[in-house]
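Colleague: I have a model open and would like to go through some of its contacts. Could you take my questions in turn?

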Amino acid sequence: MNMNESLALKAGQIWTGAPPRNEVRIIEQVSATTIIFHGRTGASSGHRPNTATLQGFCKWIQQSHAISDGGLSATSLHGFSPSREIGQRIQLLRRAAG
């Protein structure tokens, strides 16, 4: 885990995974080792909080190609990757096009 992970993840951020699941995780609290969040999938929303390790949450971001409402991504947390950057731009354009 690097220093950027704890700096980039904050309460109130909304992270959305790539299609087809479009899993949404809304961060409620961030500590040195854990994150408390609640999820939302599609039209349904969950109000029961979930807990994950900081490392586990970052792994979910990377594996699901999640992007935050502020434009952060796994690249922001783990460093620049040209191929990942292109993929994320294509993903955003596809979302915008419907």
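Colleague: With which side chain does the side chain of arginine 25 make a polar contact?

Modeller: This is a predicted model, in which local features need pLDDT of at least 70 and side-chain atom pairs count only at pLDDT 80 or more, while totals for chains, interfaces and linings use all residues. Residues are numbered from 1 along each chain as its sequence is written, and side-chain values use heavy atoms, with hydrogens and water left out. A polar contact is a pair of N or O atoms within 3.5 Å; within protein, one must be able to donate a hydrogen and the other to accept it, and residues adjacent in sequence count only if both atoms are side-chain atoms. At 3.0 Å, the partner of the arginine 25 side chain is the side chain of glutamate 23.

Colleague: How many salt bridges does a search of the whole structure find?

Modeller: A salt bridge is a side-chain nitrogen of Lys or Arg within 4 Å of a carboxyl oxygen of Asp or Glu. Glutamate 23 and arginine 25 meet this way, at 3.0 Å from N to O. The search of the whole structure gives a count of one.

Colleague: Is arginine 25 buried or exposed?

Modeller: Buried means under 20% relative accessible area, exposed over 50%, and partly exposed in between (1.4 Å probe, protein chains only). Arginine 25 has a relative accessible area of 13%, so arginine 25 is buried.

Colleague: Which residue in β2 is the bridge partner of threonine 16?

Modeller: Strands (E, at least two residues) and helices (H or I, at least four) are DSSP runs, numbered from the N terminus. Two strands pair if DSSP finds at least two bridges between them; β1 (residues 14-16) and β2 (residues 23-30) run antiparallel and are joined by three. In β2, the partner of threonine 16 is valine 24.

Colleague: Why are the buried residues of α2 on the same side?

Modeller: In helix α2 (residues 54-64), the buried residues are Leu54, Phe57, Cys58, Trp60, Ile61 and Ser64. They lie on the same side of α2 because they cover an arc of only 155° around the axis, taken from the directions from the helix axis to the C-beta atoms. On the other side of α2, the exposed residues are Gln55 and Gln63.
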